[in-house]
Amino acid sequence: MDSIYDKLSNERKKLQSSGDMADWWSTGAWQLFKAKYLYEAKTPKEQYTRIAKTLAQYAEGTYPDWWEEEGFTTWEAAFFDEMWSGNLSGSTPVISNTGTNRGMSVSCSGGVIPNSINGIYEAKRETAVLT
């Protein structure tokens, strides 16, 4: 009888051989992604494609100096390639929620809370709006 690790390892190898998972992912990475992040997609590639397509909508028309050096043709390709290669790792809300109706793709931390009643409640309101 195969262990859960063996089952996940076989799934990972199959996904990697079909091109639906990046080659650098480990079995542990697949276990975590499958249990906590995979949503409205069957494979990591589907999910990364959805994320890249959604993010690209907000970047079109703005191109950094290095754009042509890297050989990117679209923001969707740039976001996908950078995530797929492991150079760009989104926060949990980005990976889980981008391109879905499940929530904001914003990770809140390090907010400044002013030293006044009004400031405290304004900071709480801002956090509530962002999450």
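Both Trp67 and Trp75 are buried. In this predicted model, the two residues also form an aromatic pair, which is tilted, with 4.6 Å centre to centre and 50° between the planes.

**Nonpolar core**
- The largest nonpolar core comprises 23 residues.
- Trp25, Trp30, Phe33, Tyr48, Trp75 and Phe79 have the most contacts inside this core.
- Two or more residues each are given to the core by helix H1 (4-18), helix H2 (27-37), helix H3 (44-56), helix H5 (75-84) and helix H6 (92-97).
- H5 supplies the largest share of the core, 6 residues.
- Leaving aside residues up to four places away in sequence, Phe33 touches Trp25, Leu38, Pro44, Gln47, Tyr48 and Ile95.

**Aromatic rings**
- The structure contains 14 aromatic pairs.
- One of these joins Trp66 and Phe72 in an edge-to-face arrangement, with 6.1 Å centre to centre and 75° between the planes.
- Trp66 counts as partly exposed because its relative accessibility is 39%.
- Phe72 has a relative accessibility of 11% and therefore counts as buried, the cut-off being under 20%.
- A single aromatic cluster is formed by Trp24, Trp25, Phe33, Tyr37, Tyr48, Phe80 and Trp84.
- Among the members of this cluster, Trp25, Phe33 and Tyr48 are also listed with the most contacts inside the largest nonpolar core.

**Charge over a ring**
- Arg102 is positioned over the face of Tyr39, at 3.9 Å from the ring centre.

How values were computed
Residues are numbered from 1 along each chain as its sequence is written. This is a predicted model: local features need pLDDT of at least 70, side-chain atom pairs count only at pLDDT 80 or more; totals for chains, interfaces and linings use all residues. Side-chain values use heavy atoms; hydrogens and water are left out. A nonpolar core is a set of buried Ala, Val, Leu, Ile, Met, Phe, Trp, Tyr and Cys residues joined through side-chain atoms within 4.5 Å. Buried means under 20% relative accessible area, exposed over 50%, partly exposed in between (1.4 Å probe, protein chains only). Helices (H or I, at least four residues) and strands (E, at least two) are DSSP runs, numbered from the N terminus. Contact means heavy atoms within 4.5 Å. Rings of Phe, Tyr and Trp (its six-membered ring) pair if their centres lie within 6.5 Å; planes under 30 degrees apart count as stacked, over 60 as edge-to-face and the rest as tilted. A charge sits over a ring if NZ of Lys or CZ of Arg is within 6 Å of the ring centre and within 35 degrees of the ring normal.
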